[in-house]
Amino acid sequence: MLEEHAKIVQFIGAADGITGRKKLQKMVYIAKKLQFSFKEKYEFHVYGPYSVELTTRVEELCNMGFLNEERQDKGSYVQYKYQMTDEGEHFTQMAQLEDASPALVSCITQMKDKSSRFLELVSTLLYFDHLPKDEQIEKLHVVKGKLNFSEEEIEEAFSFVMNLMNERAVQ
């Protein structure tokens, strides 16, 4: 019944916490695009792919005490940090989820090391992955023109995705 909720708790636990709502959104989206079993529906939004369902689930999990949301005042903005609680760990055990696969843990670890900006780039490219590469890049410049992604950043994003896909295929 709450299996999808438990997967989110497990995801955040496998990351040993995630700082930033945008980062969490992008990490789950990228994992979903890599065929890990996340069911959240995504639509394109200001910061790229966004899931209202994921936002709602995280809010519910915080209200149930399975996730801890720490609000960090950064002066001109507020940043949120999410951690799995002891109750959250118990919840994932009660949900009888299989342990996160080594491929998923590796994917999460690699994404966590990247900036939200980079993950926004990657997730935006993946959102348009049904298009040829040159059209993906063209779309990126249209929808994310103000971010001025360099050719190097774009190539790094494509390489990052290929590495994750190759790791996923091997596992």
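## Close-up views of a predicted model

**Figure 1. Helix α8 and its buried residues.** The residues of α8 that are buried are Ile154, Ala157, Phe158, Phe160, Val161 and Leu164. The buried residues of the helix pack against four other helices, namely α2, α5 (102–112), α6 and α7. The 20 residues of α8 should span 28 Å at 1.5 Å a residue, and the end C-alpha atoms lie 29 Å apart, which agrees. As in every view below, the coordinates shown are those of a predicted model.

**Figure 2. The aromatic pair of Phe11 and Phe38.** The structure contains 8 aromatic pairs. One of them joins Phe11 to Phe38 in an edge-to-face arrangement, with 5.4 Å centre to centre and 85° between the planes. Phe11 belongs to helix α1 (residues 3–14), whereas Phe38 is in the loop between α2 (21–33) and β2 (43–45), so the pair ties together parts that are 27 residues apart in sequence. Both Phe11 and Phe38 are buried.

Figure 3. The rings of Phe44 and Phe128 form a tilted pair, 5.6 Å centre to centre and with 45° between the planes. This pair links distant parts of the chain, 84 residues apart: Phe44 is in strand β2, and Phe128 is in the loop between α6 (116–127) and α7 (133–143). Phe44 is partly exposed, at a relative accessible area of 27%, whereas Phe128 counts as buried, at 9% relative accessibility. Ring pairs join Phe44 and Phe128 with Tyr29, Tyr42 and Tyr127 into a cluster.

**Figure 4. Arginine side chains over aromatic rings.** Two such arrangements are shown in this view. Arg21 lies over the face of Tyr80, at 3.5 Å from the ring centre. Arg168 lies over the face of Phe36, at 3.9 Å from the ring centre.

**Figure 5. The surroundings of Glu40.** Glu40 is located in the loop between α2 and β2. This glutamate is buried, with a relative accessible area of 0%. Its side chain makes a polar contact of 2.6 Å with the side chain of Arg57. When residues up to four places away in sequence are not counted, Glu40 touches Glu4, Ile8, Val28, Lys32, Ser51, Glu53, Leu54 and Arg57.

**Figure 6. Two residues with positive phi.** Gln35, a residue other than glycine, has a phi near 75°. Its place is in the loop between α2 and β2, and Gln35 counts as exposed, at 62% relative accessibility. Asn148 is not a glycine either, and its phi is positive, at about 45°. Asn148 is found in the loop between α7 and α8 (151–170). With a relative accessibility of 62%, Asn148 counts as exposed.

**Figure 7. Thr85 between strand β5 and helix α4.** Thr85 is placed in the loop between β5 (78–84) and α4 (86–94). The residue is buried, with a relative accessible area of 17%. The side chain of Thr85 reaches the backbone nitrogen of Gly88 at 3.0 Å. A polar atom of the Thr85 side chain also lies 3.2 Å from the backbone oxygen of Phe66. Leaving aside neighbours within four places in sequence, Thr85 is in contact with Gly65, Phe66, Leu67 and Asn68. The C-alpha atom of Thr85 is separated by 8.5 Å from that of Gly13, and these two residues are 72 residues apart along the chain.

Methods. Residues numbered from 1 in each chain as written. Predicted model: local features only at pLDDT ≥ 70, side-chain atom pairs only at ≥ 80, totals over all residues. Heavy atoms only, no water. Phe/Tyr/Trp six-rings, centres within 6.5 Å; stacked < 30°, edge-to-face > 60°. Buried < 20%, exposed > 50% of the residue type's maximum accessible area, 1.4 Å probe, protein only. Lys NZ or Arg CZ within 6 Å of the ring centre and 35° of its normal. Polar contact = N/O pair within 3.5 Å; in protein donor to acceptor, adjacent residues only side chain to side chain. Contact = heavy atoms within 4.5 Å. Expected span 1.5 Å × (residues − 1).
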